Amino acid sequence: MGPDQVPTVTVADIPAEPTRDDKLFLLDVREPDEWAAGHIEGATHIPMGDLVSRLDEVPRSARIIAVCRSGNRSGMVTGYLTKGGWDAYNLAGGMMAWAAGGRPMTADSAGAPFIL
């Protein structure tokens with residue numbers, strides 16, 4: 001199953017300032033340096049390579065939105081999660097689409113957030 005064959009949402013489908021709650025879980029699967037440079041406020045960071053060992057951190061009661069830089073890695077993660085029974089969706093265009101849509105981001109380092 002490729003990233004274009006998994007359930008997908010667009011930036012417009014997500015609230016401009018999503019809140020962490022029981023209904024929506026933003027899962028950023030990028031590498032630590034990508035996360036530190038800029039990410040969605042309230043998202044949870046679990047790098048793709050760590051996902052299997054950290055599945056207990058991904059709630060089954062929420063709608064999961066997987067995010068990466070462009071949508072490829074998060075598409076693979078979405079396919080994996082949906083096969084496992086999660087209500088998971090890939091963010092089309094990833095963080096590039098989020099930033100292009102003028103959506104707010106935060107960074108772990110000084111300076112303005114950016115997409116690495």
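How many bridges join strand β2 to β3, and do the two strands run parallel or antiparallel? In this predicted model, strand β2 (residues 24-28) is joined to β3 by 2 bridges, and the two run parallel. Two strands are taken to pair if DSSP finds at least two bridges between them. Within this pair, D28 stands opposite H45 in β3.

Residues are numbered from 1 along each chain as its sequence is written, and side-chain values use heavy atoms, with hydrogens and water left out. Because the model is predicted, local features need pLDDT of at least 70 and side-chain atom pairs count only at pLDDT 80 or more, while totals for chains, interfaces and linings use all residues.

The protein holds 3 helices and 5 strands, arranged along the sequence as β-β-α-β-β-α-β-α. These elements are DSSP runs numbered from the N terminus, with helices (H or I) of at least four residues and strands (E) of at least two. The 5 strands form an open sheet with parallel pairing, in the order β1-β5-β4-β2-β3. At its edges stand β1 (8-9) and β3 (44-45), each with a single partner strand, so one side of each is left without a neighbour in the sheet. Strands of a sheet pair through backbone hydrogen bonds, either parallel or antiparallel.

Turning to overall dimensions, the C-alpha trace spans about 40 × 30 × 25 Å along its principal axes. The radius of gyration is 13 Å, which agrees with the value near 13 Å for a compact globule of 116 residues; this quantity is taken over C-alpha atoms, and the globule rule is 2.2 Å times the number of residues to the power 0.38. Of the 116 residues, 42% are buried, meaning under 20% relative accessible area with a 1.4 Å probe and protein chains only.

S74 lies in helix α2 (residues 72-83) and counts as buried, at 0% relative accessibility. Leaving aside residues up to four places away in sequence, S74 touches V29, A66, V67, C68, N90 and L91. The C-alpha atoms of S74 and D28 are separated by 7.9 Å, although the two residues are 46 apart along the chain.

Note on methods:
Buried < 20%, exposed > 50% of the residue type's maximum accessible area, 1.4 Å probe, protein only. Contact = heavy atoms within 4.5 Å.
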